[in-house]
Amino acid sequence: MSKLLRKPNPKETSPGVINVHEVTSENSPLEYVGFKVVDLAPGSTYKEELGKVECCIVALTGKITVSDHDQVFENIGTRESVFEKKPTDSVYVSNDRTFEVKAVSQARVVLCYSPSYKQLPTKLIKAEDNGIEHRGKYSNQRLVHNILPDSDPSANSLLVVEVFTESGNWSSYPPHKHDQDNLPDESFLEESYYHEMNPRQGFVFQRVYTDDRSLDETMAVENGDVVLVPAGYHPVGVPDGYESYYLNVMAGPKRIWKFHNEPTHEWILNRK
Ligand SMILES: O=C[C@H](O)[C@@H](O)[C@H](O)CC(=O)O
């Protein structure tokens with residue numbers, strides 16, 4: 001199995017708190033992006049003390065209450081399934097702060113991390129404030145919810161976005177990459193993908209590859225899997241009959257999303 005593909009590995013870390021995924025610089029090829037998926041039973045609490053990292057707490061499904069011990073955001077979250085395709089609530093917490101996430105209902109929470117050295121205000125990112133985009137045409141159509149885009153100055157290095165791709169369509173396509181710190185042409189952002197499928201038994205194909213093919217991994221990605229993108233192009237193809245969801249975390253030396261399309265396939269964008 002590709003070293004870039006992570007299967008769910010649920011472990012109960014405290015009563016009612018199940019750590020499903022944990023991606024760190026110690027256990028992955030990523031230096032900037034960190035990532036956790038945590039399931040919370042009703043009434044259980046996840047607690048964390050941040051060092052020199054910032055965190056975007058995404059109420060993926062279910063209802064949660066988030067506190068940074070100065071502010072409390074009660075009963076946030078908007079959906080029981082990501083496939084309701086409505087934006088959800090998130091909370092940004094900066095470096096050197098502590099926070100708690102308490103489950104009001106059964107909940108799945110995604111914790112997105114990246115380096116941070118200048119403490120910024122804790123912020124509720126309301127569902128209705130997500131920027132909504134319908135990208136692409138032909139069989140390259142997808143729905144994008146911008147949770148924490150580079151146009152939002154609330155974070156120091158963190159970018160968070162979720163993408164819905166319909167049956168038989170492609171996304172993160174034509175293939176693009178952002179693995180060179182070479183602005184204005186391209187920025188260097190590592191990336192993680194957290195995938196869900198509808199129906200659950202589905203899979204998508206994701207390829208992660210570089211121009212020189214020194215990295216070239218093609219994976220069958222299933223519900224709840226994580227794919228790591230340290231570098232390279234990273235397109236996703238969705239088989240007929242299934243819907244794809246993924247949440248992306250991106251981070252690098254500069255908080256700018258400037259990708260470079262693979263020239264061989266850029267013609268895809270020019271079709272009438
Ligand atoms: O670089 C960003 C990620 O590849 C996705 O968020 C991608 O941009 C989604 C899409 O446009 O299809």
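Reader: How many residues surround the ligand, and which are the closest?

Author: The ligand is surrounded by 15 residues. Arg135, Arg142, Ser172, Glu191 and Asn248 are the closest. A residue is near a molecule or strand if one of its heavy atoms lies within 4 Å of it. The model is predicted: local features need pLDDT of at least 70, side-chain atom pairs count only at pLDDT 80 or more, and totals for chains, interfaces and linings use all residues. Residues are numbered from 1 along each chain as its sequence is written, and side-chain values use heavy atoms, with hydrogens and water left out.

Reader: Why is Ser28 called buried?

Author: Buried means under 20% relative accessible area, exposed means over 50%, and partly exposed is in between (1.4 Å probe, protein chains only). Ser28 has 11%, so the residue is buried. Ser28 sits in the loop between S3 and strand S4 (34-40).

Reader: What does the side chain of Ser28 reach?

Author: Backbone atoms. The backbone oxygen of Thr24 is reached at 2.8 Å. The backbone nitrogen of Leu30 is reached at 3.0 Å. Leaving aside residues up to four places away in sequence, Ser28 also touches Arg6, Val23 and Leu228; contact means heavy atoms within 4.5 Å.

Reader: Why is His69 called partly exposed?

Author: Its relative accessibility is 45%, so His69 counts as partly exposed. His69 lies in the loop between S7 and S8. His69 has a positive phi of about 70°, although it is not a glycine. Most residues other than glycine have a negative phi, and most peptide bonds are trans. Lys85 also has a positive phi, about 60°, and is not a glycine. Lys85 is found in the loop between S8 and strand S9 (90-93). With a relative accessible area of 26%, Lys85 is partly exposed.

Reader: Which peptide bonds are cis?

Author: One joins Tyr173 to Pro174, with omega near 0°. Pro174 is in the loop between strand S16 (170-171) and strand S17 (176-177). Another joins Asn198 and Pro199, with omega about -10°. Pro199 lies in the loop between strand S20 (190-198) and strand S21 (203-209).

Reader: What makes S7 and S8 a pair of strands?

Author: Helices (H or I, at least four residues) and strands (E, at least two) are DSSP runs, numbered from the N terminus. Two strands pair if DSSP finds at least two bridges between them. S7 (residues 64-67) and S8 (residues 72-76) have three bridges, in the antiparallel sense, so they pair. Ile64 stands opposite Ile76 in S8. The two strands form a hairpin with four residues between them. S7 is also joined to strand S10 (residues 98-103), antiparallel, by four bridges. There, Ser67 has Glu100 as its bridge partner.

Reader: Which residues cover the faces of S7?

Author: Ile64 and Val66 are on one side, Thr65 and Ser67 on the other, and all are buried.

Reader: Why do S2 and S12 count as edge strands?

Author: The open sheet has seven strands in the order S2-S3-S4-S11-S6-S9-S12, with antiparallel pairing. S2 (11-14) and S12 (123-125) each have a single partner strand, so one side of each has no neighbour in the sheet. From one strand to the next, the twist averages 25°. S2 is joined to S3 (residues 17-23), antiparallel, by three bridges. Glu12 stands opposite Ile18 in S3.

Reader: Which residues touch the most other members of the largest nonpolar core?

Author: A nonpolar core is a set of buried Ala, Val, Leu, Ile, Met, Phe, Trp, Tyr and Cys residues joined through side-chain atoms within 4.5 Å. The largest has 50 residues, and Phe35, Cys56, Cys112, Val160 and Leu247 touch the most other members. Strand S25 (residues 243-251) gives the most to this core, with six residues. Another core, of 21 residues, lies apart from it, with Leu40, Ile64, Val101 and Ala103 among them.

Technical notes: Axes fitted to C-alpha atoms, helices over the stretch in contact; angles between N-to-C directions. Polar contact = N/O pair within 3.5 Å; in protein donor to acceptor, adjacent residues only side chain to side chain.
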